[in-house]
Amino acid sequence: GPAKRWPEANFLAVCRDWLERGGSVVLLGTAAEAPVTARLARDLASPAVADLAGKTRLGELLSLLQQTRACLANDSGIMHLAAAVGLPGVAIFGSTDPTATGPLSSRWTILCRHEPCAPCLRPECPKGRAVCLELLTPDAAVAALRRLWPE
C-alpha cells in the first residue's frame with residue numbers, strides 16, 4: 001500500500017545523484033509497479049537507466065541483483081532478495097516495523113522515522129498521508145548510499 005511506498009520524487013532525486021556520480025540505474029519491480037518505473041525512467045532520460053519492472057523472472061532478477069553495487073528499496077520482496085544475495089543497500093520503511101521485517105543483512109542501512117503512530121502496519125495511512133515516509137529525505141538516502149560506496 002501507499003504507506004509502504006516512498007514518494008517517486010524522492011527516488012528520482014536519489015537516482016539523479018547516482019547518475020551524476022557516473023553510476024547506472026536499474027529500475028526493478030512488479031508489473032503493477034511498471035507505470036511508476038516508466039515515469040522515473042522517462043524523467044531521468046538517461047541511457048544509463050534500464051527499466052526492467054515486470055520484465056524479469058525470478059532467476060533473472062537474482063542474477064541482476066548479484067551484479068549490482070547497491071540497492072535502494074522500499075520494504076519489499078526485492079529488498080529481501082537483494083539482502084539474501086549479499087547486496088548492500090538502503091531500505092525505506094514507513095508503516096511497517098523494520099525490526100520485524102527488515103532485511104536480514106548487516107550490509108543494509110534502514111531509514112525510518114519513529115513517529116508516534118509508527119509502525120502502524122497499515123497499507124494506507126489513516127491520517128491521509130504517510131508522514132513517516134515524507135520525513136525521510138532523499139539526502140538521507142544519498143548519504144547512506146555514499147557510505148556504502150564512497151568513491
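A residue is termed buried when its relative accessible area is under 20%, exposed when that area is over 50%, and partly exposed in between (1.4 Å probe, protein chains only). By this criterion Asn10 is buried, with a relative accessible area of 12%. The model is a predicted one, in which local features need pLDDT of at least 70 and side-chain atom pairs count only at pLDDT 80 or more, while totals for chains, interfaces and linings use all residues. Residues are numbered from 1 along each chain as its sequence is written, and side-chain values use heavy atoms, with hydrogens and water left out.

Asn10 lies in helix H1, helices being DSSP runs of H or I with at least four residues and strands runs of E with at least two, numbered from the N terminus. Not counting residues up to four places away in sequence, Asn10 touches Leu136 and Pro138, contact meaning heavy atoms within 4.5 Å.

In helix H7 (residues 138–148), the buried residues are Pro138, Ala141, Val142, Ala144 and Leu145. Seen down the axis of H7, these residues fall within an arc of 165°, taken from the directions from the helix axis to the C-beta atoms, so they line one face of the helix. On the other side of H7, Asp139 and Arg147 are exposed. The buried residues of H7 pack against helix H1 (8–20) and against strands E3 (71–74), E4 (89–93) and E5 (108–112).

Between the two helices, Asn10, Ala13, Val14, Asp17 and Trp18 in H1 meet Pro138, Ala141, Val142, Leu145 and Arg146 in H7.
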